[in-house]
Structures are given as structure tokens and as C-alpha cells.
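User: Please take me through the aromatic rings in this structure, one step at a time.

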Amino acid sequence: MIDGPYFVLTLLGALACGLTAGAFAAFSTFVMRGLAALPPAQGIAAMNSVNVTAVGPAFMAVFLGATGLCAVLAVVTFVLWPDEGTVELLLGCALHIVGSFGVTVAANVPRNNALAKVDPESAEGAAYWRTYVREWTAWNHVRGTASLGAAACFIVALT
């Protein structure tokens, strides 16, 4: 049975990963569709604004907080191995660290940086926008699913 500070860390990890999954789900299900429906120059401008705002304290506290909690949970779990729930906790930590944080760094952020450099009024900008929406959203599905899977693993570990 997970208890004490370990319980609190696991619960906070589940909540943070769940919140992160919710933010990614919102983008995958309606935000990106709404932006894609705009003329390319407007969609690019809106997404660039979102990308600047996303690195503000509110989202970063949740996203980086979840990543930090997962790192701490992984270390504590290795120390406690083979206690009950350790497999679920390690799987949850790996899902979030690799599937959410790692995908963000390797796939979504580079696309955001490239989008910030295009001329929104150009034909190249419009072409990149269509590619960006498709690819960015696909990778967003991956990181959202990974964060949700991490939250589920933490919940299972607590039961």
C-alpha cells in the first residue's frame, strides 16, 4: 500500500498528468480545428500567440511540475522496488517523461519554432501551416495520450 509522502507524490503526479492530458485534449479536439478553419495568416498569428502564452507560469507549472514529480517518483520507486504498485508507477513516469515531455521537446517545440519563422502572408507560410496543423496535432495526440496513460497508471498504483 502506498502511503505517507509517497502517496501524496503519487496523487499529485496523477493530478498533474491528468491536467496536462486535459490541456492537450482541448487542443487536439477543438483548438487546432478552430485555428485550422481560419485563413492561414490568421491561424499562424493565433498559434504563434498561443505558443508564446503557453510558456507562461500557469501551464508551465503544471507541465513541468508533472515532469518533475514523475522524475522524483521514478527515483523513489526504484529505491522502494519491488513494493506494490512500483511497475505501474514506473510505467506512468516513463509515459509522461518520454511520451509527453520528450515528444514536446522533440516534436512540438521544433514545429512551433519553425512556425514562428514563416511569413504568414506568403504561399510558403500557407503551405507550412497546413503541414504544421496536421503534424503538430498528431504529435499532440501522442503526448495527450501519454499523459492520460500516466495519470491512469498512478491511479491504478494507488488502488
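User: How many aromatic pairs does a search of the whole structure find?

Analyst: This is a predicted model, where local features need pLDDT of at least 70, side-chain atom pairs count only at pLDDT 80 or more, and totals for chains, interfaces and linings use all residues. Residues are numbered from 1 along each chain as its sequence is written, and side-chain values use heavy atoms, with hydrogens and water left out. Rings of Phe, Tyr and Trp (its six-membered ring) pair if their centres lie within 6.5 Å; planes under 30 degrees apart are stacked, over 60 edge-to-face, and the rest tilted. Searching the whole structure gives this number of aromatic pairs: eight.

User: Which kind of pair do F24 and F63 form?

Analyst: The ring centres of F24 and F63 are 6.0 Å apart. Their planes meet at 70°, so the pair is edge-to-face.

User: Where do F24 and F63 lie, and how many residues apart in sequence are the parts they tie together?

Analyst: Helices are DSSP runs (H or I, at least four residues), numbered from the N terminus. F24 is in helix α1 (residues 4-36) and F63 in helix α3 (residues 57-80). The pair therefore ties together parts whose separation in sequence, in residues, is 39.

User: Is F24 buried or exposed?

Analyst: Buried means under 20% relative accessible area, exposed over 50%, and partly exposed in between (1.4 Å probe, protein chains only). F24 has 4% relative accessibility, so F24 counts as buried.

User: Which kind of pair do Y132 and W136 form?

Analyst: The ring centres of Y132 and W136 are 6.3 Å apart. Their planes are at 25°, so the pair is stacked.

How values were computed. Helix = DSSP H or I, 4+ residues; strand = E, 2+ residues; numbered from the N terminus.
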